[in-house]
Amino acid sequence: MRYLLVILAVLALPAHARSVTDSAGRVVEVPETVTSVFASGPPASVLVYVLKPEALTGWPRALRPEERAYIAAPYRDIPETGRLTGRGGEANLERVLQIQPDLIVDFGSVRDTYIDLADRVQEQTGIPYLLIDGRFDNTPEALRILGHALGVPERGEVLALDVEATFARIDAMLANVPEENRPRVYLARGPEGLETGMKGSINTEIIERAGGRNVADDGGATRGLVNASMEQLIVANPDTIVTWDPNFYASVFDDPLWQGIDAVQRGRVYLSPTAPFGWIDRPPSLNRMMGLLWMAGLLYPDLWQGDLREDTRAFYALYYNVDLSDEDLERLLEWAEGRPPM
């Protein structure tokens, strides 16, 4: 098997290459024309899909029935490939080499662990491997870097400018809103709602970017996903809760454990759609831009100049390459109002 890997790695080397500097500062030789990309995980698959869908070799997880209408028809049935990074990584190098992509892309952390993985996979397979910084504020740069690498710089620039325009709208809206007057928001993950993301985590970036104060904040001592207790929630007492879990949403208003929380008493618990990708995270990729539009309207209904119906239709057309039917659009809006498809 080792000799087969070596042979396939040699065959994978591009005949004509150009240099691309990724977010980790690695100079990677990519083919002059990139026609196939292996996404190392869900965030990368979304990024590749919005930039150059025809190059995506497969979804890390096959689309579920309720997600299919929100992806352009030619890409609904591309194969499931598994993932190289993140939770539940199950793809292996043999599978990658069987697919023979022109390029591997990872979108997320660029810490040393991921740099080492990228270098090892690239050395063992001969397939160029780009690391793209997945921090939310880095989204425009990510689009420009990968747009250039995939040979679609114009597409990358259009999307980058759209992201920058949205960020600027948010900044203008928040310019005169003091920190102490901003909504106190809790992200409830999972059926019990007790998994959350600490302030500054990739999972809660859109809460903070939309002008919410993440109540899961210990001053930066902890990052990433954590498990909270009801005692901590009672002390934090958020005035707004957002979740993507329909089971939690269906039970929270009748659960006596949550009755004392301000957000529950005020009816300010909101359910995020997850088709074709989550509006909050799941995965933390370009899909969060739709969530940012939604959340700005939730947190600042009197300040945000937007129409969710128009914004949703425009976003899905520009980013996901799909023109929503009235029925599919209504399904998303009903989902955002707490009535997800069953």
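**Close-up views of a predicted model**

**View 1. E67, a buried residue in a loop.** With a relative accessible area of 4%, E67 is buried, and the model you are looking at is predicted. To find E67, look in the loop between α2 (42-51) and α3 (93-99). A polar atom of the E67 side chain lies 2.8 Å from the backbone nitrogen of R64. Setting aside neighbours within four places in sequence, you will find E67 in contact with R61, T274, A275 and P276.

**View 2. The salt bridge of K199 and D217.** Here the side chains of K199 and D217 meet, with 3.9 Å from N to O. K199 sits in the loop between β7 (195-197) and α7 (205-209), while D217 sits in the loop between β8 (213-214) and β9 (225-227), so this pair ties together parts that are 18 residues apart in sequence. Are these two residues buried or partly exposed? K199 is partly exposed, at 38% relative accessible area, and D217 is partly exposed too, at 40%.

**View 3. The salt bridge of R189 and E195.** In this pair, the side chains of R189 and E195 come together at 2.9 Å, N to O. R189 has a relative accessibility of 9%, so this residue counts as buried, the cut-off being under 20%.

View 4. The closest N and O atoms of the R266 and D262 salt bridge are 3.4 Å apart. D262 counts as partly exposed, at 21% relative accessibility. Elsewhere, D22, R26 and D119 are linked in a network of salt bridges. How many salt bridges does the structure hold? The count is 21.

How values were computed
Residues numbered from 1 in each chain as written. Predicted model: local features only at pLDDT ≥ 70, side-chain atom pairs only at ≥ 80, totals over all residues. Heavy atoms only, no water. Helix = DSSP H or I, 4+ residues; strand = E, 2+ residues; numbered from the N terminus. Buried < 20%, exposed > 50% of the residue type's maximum accessible area, 1.4 Å probe, protein only. Polar contact = N/O pair within 3.5 Å; in protein donor to acceptor, adjacent residues only side chain to side chain. Contact = heavy atoms within 4.5 Å. Salt bridge = Lys/Arg side-chain N within 4 Å of Asp/Glu carboxyl O.
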